[in-house]
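Here is a short briefing to read alongside the model. Keep the structure open and follow the residues as they come up.

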Amino acid sequence: LQRSAFKFSKHGKSGTEVSELFPMLARHVDDLCVVRSMFTKSSVHEPAQLLMSTGEATLVRPSMGSWVTYGLGTVNQNLPAFVGLAPSGTTASGEKHWSAAFLPGWTQGTGIATRNATAEKMLDNIRSGSTSLREQRRQLDLLRAMNGDFADRRGPGDDALDGRIQAFETAFRMQVEAQEAFDITREPQKVRDLYGDTEQGRQLLLARRLLERGVRYVQAWHTGWDTHDFNDESHRKLALAADQPLAALVTDLKRLGMLDDTLVL
């Protein structure tokens, strides 16, 4: 056992202590509520991650995002209500972090691979290369009618089928709005500079754009804090990747008046 390699000092009017690893976030300490009672029942990566997202380390349970979506609904019909942003599009323990489990299928999150910097690469097949929107609408109407007949024969309460029908509709409507929402190059250069042209910077700027357009819940993933060797050096690099984007997110939400009704964990 040894003490932390990093210095902690008081910041803001609150005098809250912040590690030297987060100098930019420390400037916003008076906007933060520091919870010191957090604990985990597991130090194994995947179960501990699931415990964070779902409250359960082993059994499949709805993620927090699915519960929030189930309770509050959505305010945008053209984008998913719940989006999971991860560099590779998934996590070490899979997509259970945005799973709906026993909740209705429409509450499940949509995973997006943010390592691809452009909207076209993040969103596979967002545009049809051969079919117009009008023709796709006719195809989906036919598909909906067929699915409706199938649902009638199966009887009410098939959440999986209802979720699949809803997913088709959301995917179609995303063609109209998603490409604009996921295109961070539409932001002014000074805003992009605020977040930084990094994996985490682009990801958190994208998170803000989605929230701004009515996405109810966004979960953003770092590439990982698993350091078995060179812990101190590695944590400096990992924290550096997160510090500027996190501080930028708070700054940007305040600038837009969104911090009043946006909870950032």
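**A loop histidine and its contacts**

Setting aside neighbours within four places in sequence, His28 touches Ala247, Val250 and Thr251, where contact means heavy atoms within 4.5 Å. This is a predicted model, in which local features need pLDDT of at least 70 and side-chain atom pairs count only at pLDDT 80 or more, while totals for chains, interfaces and linings use all residues. Residues are numbered from 1 along each chain as its sequence is written, and side-chain values use heavy atoms, with hydrogens and water left out.

**Where His28 sits**

- His28 belongs to the loop between strand 2 (16–19) and helix 1 (45–54); helices (H or I, at least four residues) and strands (E, at least two) are DSSP runs numbered from the N terminus.
- His28 counts as buried because its relative accessibility is 14%; buried means under 20% relative accessible area, exposed over 50%, and partly exposed in between (1.4 Å probe, protein chains only).

**Salt bridges**

- Side chains of opposite charge can pair when their charged atoms come close.
- The model has 15 salt bridges, each being a side-chain nitrogen of Lys or Arg within 4 Å of a carboxyl oxygen of Asp or Glu.
- Asp197 pairs with Arg202, with 2.8 Å between the closest N and O atoms.
- In that pair, Asp197 is exposed at 67% relative accessible area, whereas Arg202 is partly exposed at 22%.
- Glu212 bridges to Arg208, with their closest N and O atoms 2.6 Å apart.
- Both Glu212 and Arg208 lie in helix 7 (residues 199–212), 4 residues apart, or about one turn of the helix.
- Arg208 is buried, with a relative accessible area of 1%, while Glu212 is partly exposed at 38%.
- Glu212 also meets Arg213 in a salt bridge (3.4 Å, N to O).
- A salt-bridge network links Glu180, Glu187, Arg208, Arg209, Glu212, Arg213, Asp252 and Arg255.

**Nonpolar cores**

- The largest nonpolar core has 20 residues, of which Leu79, Val83, Leu85, Phe182, Tyr195, Leu206 and Leu210 touch the most other members; such a core is a set of buried Ala, Val, Leu, Ile, Met, Phe, Trp, Tyr and Cys residues joined through side-chain atoms within 4.5 Å.
- At least two residues of this core come from each of strand 3 (82–86), helix 5 (159–181), helix 6 (189–195), helix 7 and helix 8 (231–255).
- Helix 7 gives this core its largest share, 5 residues.
- Another core, of 8 residues, lies apart from it and includes Val18, Leu21, Leu25 and Ala26.
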